[in-house]
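I opened this model to look up its loops, charge pairs, rings and cores. My entries follow in the order I made them.

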Amino acid sequence: MKRKLIIGILLFSIIFILDQVVKYGFANLNWDVNGPYMSLKLAYNYGVAFSLLSFLQEYLKYIQLLLIVAGTLYLLKNKEVYEEYYLPITLLYAGGLSNILDRFTYGGVVDYFYWHYGFEFAIFNIADVIINIAVAIIIYKQIIQIKDEKKNKNIKSWILKLKMNLAMI
């Protein structure tokens with residue numbers, strides 16, 4: 001547990017600092033670059049994904065902080081969850097807290113990756129990518145866990161049938 005916690009803290013720090021430095025560059029140093037497929041262009045998101053809930057702009061940062069506190073309390077009570085999912089949890093915290101800090105610092109989340117080749121796509125940032133990677137890891141781990149449980153259930157069922165057949169002999 002201690003090793004995973006240290007790895008988590010180091011990974012969190014690297015991702016959080018990198019994301020904040022890049023966002024600072026776009027927000028304060030005019031790092032905008034236009035490309036034929038993707039542009040790096042400063043935009044502020046006052047909602048969540050795809051600007052949903054932007055009407056909660058002033059309150060969203062507090063709601064999100066409350067969710068972080070609730071999640072942390074849950075993890076403190078259920079340490080085995082952190083033990084199993086420390087990597088995606090670390091990624092979720094790094095991306096989520098970086099975006100929340102943007103809300104306090106800039107009034108909205110600093111976004112800058114803008115895909116515009118073939119179709120217009122949402123503008124996003126490194127933290128958003130990290131959050132999506134974390135969710136993908138959680139889903140993958142859940143799928144593997146379900147497959148393992150089914151496999152174990154089938155093995156137990158097969159053993160039970162074998163015992164019953166042997167008992168008849």
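**Entry 1: N30.** I looked up N30 and found it exposed, because its relative accessible area is 62%. My cut-offs for accessibility are under 20% relative accessible area for buried and over 50% for exposed, with partly exposed in between (1.4 Å probe, protein chains only). N30 sits in the loop between helix 1 and strand 1. Helices here are DSSP runs of H or I with at least four residues, strands are runs of E with at least two, and both are numbered from the N terminus. I also noted the backbone of N30: phi is near 55°, a positive value in a residue other than glycine.

**Entry 2: ground rules.** The model is predicted, so I note that local features need pLDDT of at least 70 and side-chain atom pairs count only at pLDDT 80 or more, while totals for chains, interfaces and linings use all residues. Residues are numbered from 1 along each chain as its sequence is written, and side-chain values use heavy atoms, with hydrogens and water left out.

**Entry 3: L53.** I moved on to L53, in the loop between strand 1 (38–45) and helix 2 (57–77). L53 counts as partly exposed because its relative accessible area is 40%. I listed its contacts (heavy atoms within 4.5 Å). Leaving out residues up to four places away in sequence, L53 touches Y46, G47, V48 and L60. I then checked L53 against P36, 17 residues apart along the chain, and their C-alpha atoms are separated by 31 Å.

**Entry 4: salt bridges.** I searched for a side-chain nitrogen of Lys or Arg within 4 Å of a carboxyl oxygen of Asp or Glu. The search gave three salt bridges.

I took K4 and E83 to begin with; their closest N and O atoms are 3.2 Å apart. K4 lies in helix 1 (residues 2–28) and E83 in helix 3 (residues 79–106), so this pair ties together parts that are 79 residues apart in sequence. K4 is partly exposed at 23% relative accessible area. E83 is partly exposed too, at 28%.

Next I checked D19 and K23, which form a salt bridge at 2.7 Å, N to O. They are separated by about one helical turn because they are four residues apart in helix 1. D19 is buried, with a relative accessible area of 1%. K23 is buried at 0%.

K23 has a further salt bridge, to D102, at 2.7 Å, N to O. This pair links distant parts of the chain: D102 in helix 3 and K23 in helix 1, 79 residues apart. D102 is buried, as is K23. Through shared partners, D19, K23 and D102 join into one network.

**Entry 5: rings.** I paired rings of Phe, Tyr and Trp (its six-membered ring) with centres within 6.5 Å, calling planes under 30 degrees apart stacked, over 60 edge-to-face and the rest tilted. The count came to nine aromatic pairs.

I looked at F12 and F16: the ring centres are 5.4 Å apart and the planes are at 15°, so the pair is stacked. Both lie in helix 1, four residues apart, about one turn of the helix. F12 is partly exposed at 23% relative accessible area.

Y62 and F104 are edge-to-face because their planes stand at 85°, with the centres 5.6 Å apart. Y62 is in helix 2 and F104 in helix 3, so the pair ties together parts that are 42 residues apart in sequence. Y62 is partly exposed at 49%, and F104 is partly exposed at 37%.

I also found one aromatic cluster, formed by F26, W31, Y112, F113 and F124.

**Entry 6: charges over rings.** I asked for NZ of Lys or CZ of Arg within 6 Å of a ring centre and within 35 degrees of the ring normal. K61 lies over the face of F104, 5.0 Å from the ring centre. K141 lies over the face of Y85, at 5.5 Å.

**Entry 7: nonpolar cores.** Which residues make up the largest nonpolar core? My rule joins buried Ala, Val, Leu, Ile, Met, Phe, Trp, Tyr and Cys residues through side-chain atoms within 4.5 Å. The largest core has ten residues in all: I15, V22, F26, L91, A94, V110, Y112, I126, I130 and A134. I15 touches L91, A94 and I130, not counting residues up to four places away in sequence. A second, separate core has eight residues, among them L75, Y82, Y86 and I100.
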